[in-house]
Amino acid sequence: MSKFLALIPAAGSGSRMGNELPKQYLSLNSRPMIYHAINTLYQNHWISHIFVILTPSDDEWVKYNWSEFSEKLIVLNCGGATRAESVLNGLITAKQRSLVDTNDWILVHDAARPCLTQTQLDKLINELANDKVGGLLAVPVADTLKRSNTQDRIAHTESRENLWQAQTPQMFRYDLLTKALHNTMNITDDASAVEAMGLQPKLVLSDTYNFKVTYPQDLALAELIIQKRNNP
Ligand code: CTP
Ligand code: MG
């Protein structure tokens, strides 16, 4: 039986957030931001382990108490220079430590998406558990899209027909994802690596609540969403 394992790359510096503290540790509803993603994945009954990938020089993680997540949470200090490198290093290290089998499903989820819900997670797993390729949560693009020239003037308007925004988790089997990332590292999500192998990952309809906290104003929005969930 293949297992469902979550892998959270959390070795970024959060440069667009502009805070000295990497954004995954910024306070969100009295917890470091990454707590929320871990908690949602931990509560899901499909997921047997959660790997968190930290940069080897991380000295923040140990400042918090993670014991509520027991041995289901496994920290790997093998983050790399890019997200793709962090994910690949995590996959390789988990295999070296006999924590995964090649046929297991890996759900890669950004530490910076704290508003993921159980409903979205269950939907992703249910829609993909028997899929040959795997896929990801995504939302159809809502705004009109403009392509600019070098002077920030509109060169043309892009059609938004069939355009989606990729989110996470992105769910692929261990062997496929590892091969894909070995082949191409110049990408910003896992699905792109799988696409580069000529495969077509499935887009599973999500919603915009599962946005990525990137800029300072995103933090306030995430806080409001989580607060509202905790006090409906
Ligand atoms: N990430 C990682 N290793 C890297 C870069 C990013 O594990 N070398 C992780 C981040 O910690 C985050 C996820 O990948 O959980 C998504 O990346 P992003 O939102 O771009 O985070 P940062 O790279 O930290 O932010 P920025 O691009 O603004 O610097
Ligand atoms: Mg980044």
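This is a predicted model: local features need pLDDT of at least 70, side-chain atom pairs count only at pLDDT 80 or more; totals for chains, interfaces and linings use all residues.
Q: How many aromatic pairs does the structure hold?
A: There are six aromatic pairs. In general, a pair of aromatic rings is described by the distance of the centres and the angle of the planes. Take Phe4 and Trp46: their ring centres are 5.3 Å apart and their planes stand at 70°, so this pair is edge-to-face.

Q: Which parts of the chain does that pair link?
A: Distant ones: Phe4 belongs to strand β1 (residues 4–9), while Trp46 sits in the loop between α1 (33–43) and β4 (47–53), 42 residues apart.

Q: What kind of pair do Tyr25 and Tyr64 form?
A: A stacked one, with 6.3 Å from centre to centre and 5° between the planes. Here too distant parts of the chain are linked: Tyr25 lies in the loop between β1 and β2 (27–28), and Tyr64 in the loop between β4 and β5 (73–76), 39 residues apart. Tyr25 is buried at 2% relative accessible area, whereas Tyr64, at 30%, is partly exposed.

Q: Stepping back, how many helices and strands are in the protein?
A: Six helices and eleven strands. Of the 232 residues, 49% count as buried.

Definitions and conventions: Residues are numbered from 1 along each chain as its sequence is written. Chains are lettered from A and ligands numbered from 1 in the order in which they are written. Side-chain values use heavy atoms; hydrogens and water are left out. Helices (H or I, at least four residues) and strands (E, at least two) are DSSP runs, numbered from the N terminus. Buried means under 20% relative accessible area, exposed over 50%, partly exposed in between (1.4 Å probe, protein chains only). Rings of Phe, Tyr and Trp (its six-membered ring) pair if their centres lie within 6.5 Å; planes under 30 degrees apart count as stacked, over 60 as edge-to-face and the rest as tilted.
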